[in-house]
Amino acid sequence: MELKNGRYPWSGKNPTEFITWYRTFVSTCKAADAQAQFMWSPAGDTDSEKYWPGADVVDIIGLSAYSRTG
């Protein structure tokens with residue numbers, strides 16, 4: 001498993017790879033009977049919808065919004 005950007009396997013710029021890793025993570029947790037909710041929290045870029053993994057694996061949506069002034 002190659003770690004991109006030194007964070008998690010699903011970080012990076014490829015939406016298909018992100019969705020695959022996100023869904024794998026949620027499936028693994030659910031298989032272990034983890035009592036958890038799962039958040040999808042895109043960076044807020046204009047193409048964030050490309051990273052949507054599906055309502056069946058998302059319980060909460062979070063979004064960071066930063067002001068770009070100056």
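Thr16, Thr28 and Ala31 sit exposed on one side of helix H1, where exposed means over 50% relative accessible area, buried under 20% and partly exposed in between, with a 1.4 Å probe and protein chains only. On the other side of H1 from those three, Phe18, Tyr22, Val26 and Cys29 are buried. These four cover an arc of only 60° around the axis, so they share the same side of H1; the arc is taken over the directions from the helix axis to the C-beta atoms.

This is a predicted model, so local features need pLDDT of at least 70 and side-chain atom pairs count only at pLDDT 80 or more, while totals for chains, interfaces and linings use all residues. Numbering runs from 1 along each chain as its sequence is written, and side-chain values use heavy atoms, with hydrogens and water left out.

**Helix H1**
- H1 has 17 residues and reaches 24 Å from its first C-alpha to its last, close to the 24 Å expected at 1.5 Å a residue; that expected span is 1.5 Å times one less than the number of residues.
- Asp33 follows H1 and has a positive phi, near 60°.
- The buried residues of H1 pack against S1, with contact meaning heavy atoms within 4.5 Å.

**The core**
- The largest nonpolar core holds 9 residues: Phe18, Tyr22, Val26, Cys29, Phe38, Trp40, Tyr51, Val57 and Val58.
- Such a core is a set of buried Ala, Val, Leu, Ile, Met, Phe, Trp, Tyr and Cys residues joined through side-chain atoms within 4.5 Å.
- Helix H1 (residues 15-31) supplies the largest share of this core, 4 residues.

**Tyr51**
- Tyr51 lies in the loop between strand S1 (39-40) and strand S2 (60-61).
- Tyr51 is buried, with a relative accessible area of 15%.
- Tyr51 and Tyr22 are 29 residues apart in sequence, yet 9.6 Å apart in space, C-alpha to C-alpha.

**Whole chain**
- The chain has 1 helix and 2 strands, in the order α-β-β; helices (H or I, at least four residues) and strands (E, at least two) are DSSP runs, numbered from the N terminus.
- Of the 70 residues in the chain, 23% are buried.
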